[in-house]
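These are my notebook entries on a model I went through.

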Amino acid sequence: MKKDFYLTRYALIIKKLESAPATYSQLEDYLLNSFEFQDADIKSYSIRTLQRDIREISNLFNLSIHNKKKGDNRYYIESRPMMEVDEYNQKLLESFQVSNALNNHPDFANFIFFESRKPSGAENFYDLFFAIRNKRIVLFEHYNFKNKLMTSRKVHPLALKESKDRWYLIAIDTKDKALKSFGLDRINYLDVMPQKFREKYKYNFREHFKNAFGVMNLTEQNPQKIVLKCSRHQGEYIRSFPLHLSQKENKETPEDIYFEFFLHPTYDFMQEILSYGKEVRVLEPISLVEDIKKHLQESLNNYFED
């Protein structure tokens with residue numbers, strides 16, 4: 001068994017047991033007939049390897065897999081992690097599967113094509129992760145696109161958040177004690193200090209971002225019910241790849257699909273809706289409808305200037 005193949009095995013085992021309990025023989029048959037095993041030219045999978053994999057899956061993903069000793073001897077997932085942890089597990093599994101495909105096949109560049117737009121800043125990710133876990137004070141220079149200024153910052157780092165393929169540091173700015181977000185792609189000269197901050201912040205970021213779309217400041221708005229009317233063509237895409245965890249499907253007709261959300265109507269969300277053009281229309285709330293109309297009118301006016 002190839003040593004660098006274990007992450008793919010974990011992903012396949014979880015995928016199989018999430019669909020239904022399975023005996024060792026059924027798991028073995030599923031794995032050996034998978035394209036991943038065929039591509040790696042792996043011909044066997046022992047019960048001892050399965051038992052070791054189950055232990056490692058439990059340690060890595062907090063998934064408890066057991067065997068029904070009585071009866072049919074099927075393996076099954078006994079318990080699942082919290083919803084937020086499960087989200088991370090899914091992302092990890094996806095990353096493992098992609099990484100394994102790339103690592104095992106040097107010719108991947110002929111078949112797999114990545115998005116060419118790659119924001120910078122990832123090089124600071126682990127340093128900031130370390131600073132958050134160890135409550136270290138952080139210094140850096142940050143560039144503001146709006147006022148085109150580079151400013152020095154001293155912050156207490158609290159969390160990292162992803163939004164539209166960009167990463168943001170969520171931190172307390174010591175200058176005004178305000179909670180702010182800083183794009184990692186605009187951070188320069190990062191310095192993690194040896195000193196720790198003693199303040200105990202009580203933010204629950206899981207709740208803080210529960211009704212958020214993006215990383216905009218949420219203190220000035222309350223979450224609201226938002227209703228969208230989508231063309232069937234665009235609605236199918238939104239149905240298969242939800243815009244937000246709160247997304248619910250209200251109704252559908254032969255021509256349209258209606259979705260409901262409960263979130264902050266931030267500028268980020270408005271930009272997302274505008275990106276769909278005529279395929280998506282906001283029905284509620286009226287305030288967001290008016291904001292959309294104003295933005296569209298201003299955009300149209302740009303084409304009649306000069």
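Is Phe129 buried, exposed or partly exposed? I looked it up: Phe129 is partly exposed, with a relative accessible area of 34%. Here buried means under 20% relative accessible area, exposed means over 50%, and partly exposed lies in between (1.4 Å probe, protein chains only).

Before going on, I noted that this is a predicted model, in which local features need pLDDT of at least 70, side-chain atom pairs count only at pLDDT 80 or more, and totals for chains, interfaces and linings use all residues. Residues are numbered from 1 along each chain as its sequence is written, and side-chain values use heavy atoms, with hydrogens and water left out.

Entry: aromatic rings. I found 11 aromatic pairs in the structure. Rings of Phe, Tyr and Trp (its six-membered ring) pair if their centres lie within 6.5 Å; planes under 30 degrees apart count as stacked, over 60 as edge-to-face and the rest as tilted. Helices (H or I, at least four residues) and strands (E, at least two) are DSSP runs, numbered from the N terminus. Tyr126 counts as exposed, at 54% relative accessibility.

I then looked at Phe140 and Phe182, which form an edge-to-face pair at 5.3 Å centre to centre with 75° between the planes. Phe140 belongs to strand β3 (residues 136–144) and Phe182 to strand β6 (residues 178–183), so this pair ties together parts that are 42 residues apart in sequence. Both Phe140 and Phe182 are buried.

I also noted one aromatic cluster, formed by Phe197, Tyr201, Tyr203, Phe205 and Phe209. The charged end of Lys161 sits over the ring of Phe209, 5.2 Å from its centre. For this, NZ of Lys or CZ of Arg must be within 6 Å of the ring centre and within 35 degrees of the ring normal.

Entry: the sheet with β3. I traced an open sheet of five strands in the order β6-β5-β4-β3-β7, with antiparallel pairing. Two strands pair if DSSP finds at least two bridges between them. Why is one side of β6 and of β7 left without a neighbour in the sheet? Because β6 and β7 (187–196) stand at the edges, each has a single partner strand. Five bridges join β3 and β7 in the antiparallel sense, and Val138 has Val192 in β7 as its bridge partner. Helix α6 packs on the sheet, touching β3, β4 (149–163), β5 (166–173) and β7. Contact means heavy atoms within 4.5 Å.

Entry: two helices. The axes of helix α1 (residues 6–19) and helix α4 (residues 47–61) come within 10 Å and cross at roughly 85°. Axes are lines fitted to C-alpha atoms, for helices over the stretch in contact, and angles run from 0 to 180 degrees between N-to-C directions. That makes α1 roughly perpendicular to α4, a term for 65 to 115 degrees. The residues that meet include Tyr10 in α1 and Leu50 in α4.

Entry: Asp268. This residue lies in helix α9 (residues 267–274) and counts as buried at 18% relative accessibility. The C-alpha atoms of Asp268 and Val215 are separated by 8.1 Å, although the two residues are 53 residues apart along the chain.

Terms used
Angles under 35 degrees count as roughly parallel, over 145 as roughly antiparallel, 65 to 115 as roughly perpendicular and the rest as oblique.
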